[in-house]
Every structure is written in C-alpha cells, then in structure tokens.
Amino acid sequence: MSEKVAAALSVRQATAADASPMGAILNPIITAGGTTAIERHLSDAEIAEWFITGEHCLACSVAEDDTGRMLGFQALVHQAELPEHWADIATFACSPPRPSGVGVALFGATLQQAADAGIRCINATIRADNVNGLAYYTRLGFETYDVSPGVPLKNGTPVDRLHKRFLLQP
C-alpha cells in the first residue's frame, strides 16, 4: 500500500527486505558522526530487529523517489522504560541530494500508525549537538520536556540528550 505524497516521493510500510537499503542510509550517518546516538554500524539483521521486525517495533515507513530509491525511513518503537501508550521515534534520511519533504511525509505516515497503535505520546531523544535533528522535530511540533545531561559517547565525550515529545489527540 503506497501513498503518493509528491510527484517524486512515496511513503510505504517497511518490510524486512528493506533492511539493506535502510543500512545504506543509516551506516554512513553513523560513520559521519555528530547526529545519531548509534555509534557502530548495524548489520541488515540488526536493522530489521531494531526498526522493522523486533517485538518492540510498532511501525516503520520508508520514503522512496519515483525510481524506487530509498530516501529515508522512520520507525516507531516501544521501549520498556517508556510509559504505557508512549513510543520512541527514529528518523534517518539519505545525504543530499534528496527532495524536500521526506521527513514531513514520513511523519504523516507515522502519526497515522501511532494513532492506530493507541499511542498517545511520541518521544524523540536527540543529541544536543544534532542541530538539524533538533530543528526537524521542533518544526513538527515536538516540545522539549527533559534533558539527560552529559551522556558519554563511546569515546567518553559527554553530550546532552534532549527529550522532546509530541502529544497525540486521544
């Protein structure tokens, strides 16, 4: 089931077969550093488990251009430390060039999936040094509600984590 969002952009539900192209987006982001809290490359099996097929996974959407090239993905998962009816969101988009609107299109699908799953609040935990990620979630309407100060990276560098939430209407 594919929803046409713009002339050259469509959003659909991810499947386990999407793990490899998702890794082709995520792993270069990890290599570049400075945005994601994930600090090591993930295998296709790990990507499927973390974002698509794991028991904690609620939904995962991918955005593609009109040639079928994956432009980004967004996952919604429930972590045990979250309150009931809350879910974590993770968003990753390919490096430019990419058409504008990828993140907004993905979030539209995620909002519907969250509502269908009975989610009342979506949590985004973002590194304080991820300027683009903070701006993206703020533009979508997420509000900061907590900060985890000085969470150490693998190399020991402390980086704050901002917790932003998006409340869904009941």
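**Confidence.** Colour the chain by pLDDT. The average is 90, and 93% of the residues score at least 70. Then select residues 1–7, where the pLDDT is below 50; this stretch has 13 contacts in the model beyond near neighbours in sequence. Where pLDDT is low, the predicted coordinates should not be read in detail.

**The largest nonpolar core.** Select Met 22, Leu 26, Phe 51, Cys 60, Phe 73 and Phe 92, which touch the most other members of a core of 29 residues. Two or more residues each are contributed by β2 (9–13), α1 (19–32), α2 (44–53), β3 (57–65), β4 (70–77), β5 (86–93) and α3 (102–116). Of these elements, α1 supplies the largest share, six residues. Next, centre the view on Phe 92. Leaving aside neighbours within four places in sequence, Phe 92 is in contact with Ile 25, Leu 26, Ile 29, Thr 36, Ile 38, Phe 51, Gly 72 and Phe 73. Another core, of 18 residues, lies apart from the largest one; Ala 59, Ala 114, Tyr 136 and Leu 140 are among its members.

**Helix α2.** Display Ile 47, Ala 48, Phe 51 and Ile 52, which are buried. Look down the axis of α2: the buried residues fall within an arc of 110 degrees, so they line one face of the helix. The elements covering them include α1, β3, β4 and β5.

**Helix α3.** At 1.5 Å a residue the helix should span 21 Å, and the ends are 22 Å apart, which agrees. Now show the buried residues of α3: Val 102, Gly 103, Ala 105, Leu 106, Phe 107, Ala 109, Thr 110, Gln 113 and Ala 114. Of these, Ala 114 also belongs to the core of 18 residues. Just after α3, stop at Gly 118, where phi is positive, at about 80 degrees.

**Strands β6, β7 and β8.** Select residues 121–127 (β6) and 158–167 (β8), which pair in the antiparallel sense over seven bridges. Finish at the hairpin of β7 and β8, with five residues between the strands, where Gly 156 takes a positive phi near 95 degrees.

Terms used
Residues are numbered from 1 along each chain as its sequence is written. This is a predicted model: local features need pLDDT of at least 70, side-chain atom pairs count only at pLDDT 80 or more; totals for chains, interfaces and linings use all residues. Side-chain values use heavy atoms; hydrogens and water are left out. pLDDT is the predictor's confidence in each residue, from 0 to 100. Contact means heavy atoms within 4.5 Å. A nonpolar core is a set of buried Ala, Val, Leu, Ile, Met, Phe, Trp, Tyr and Cys residues joined through side-chain atoms within 4.5 Å. Buried means under 20% relative accessible area, exposed over 50%, partly exposed in between (1.4 Å probe, protein chains only). Helices (H or I, at least four residues) and strands (E, at least two) are DSSP runs, numbered from the N terminus. Two strands pair if DSSP finds at least two bridges between them. The arc is that of the directions from the helix axis to the C-beta atoms. The expected span of a helix is 1.5 Å times one less than its number of residues.
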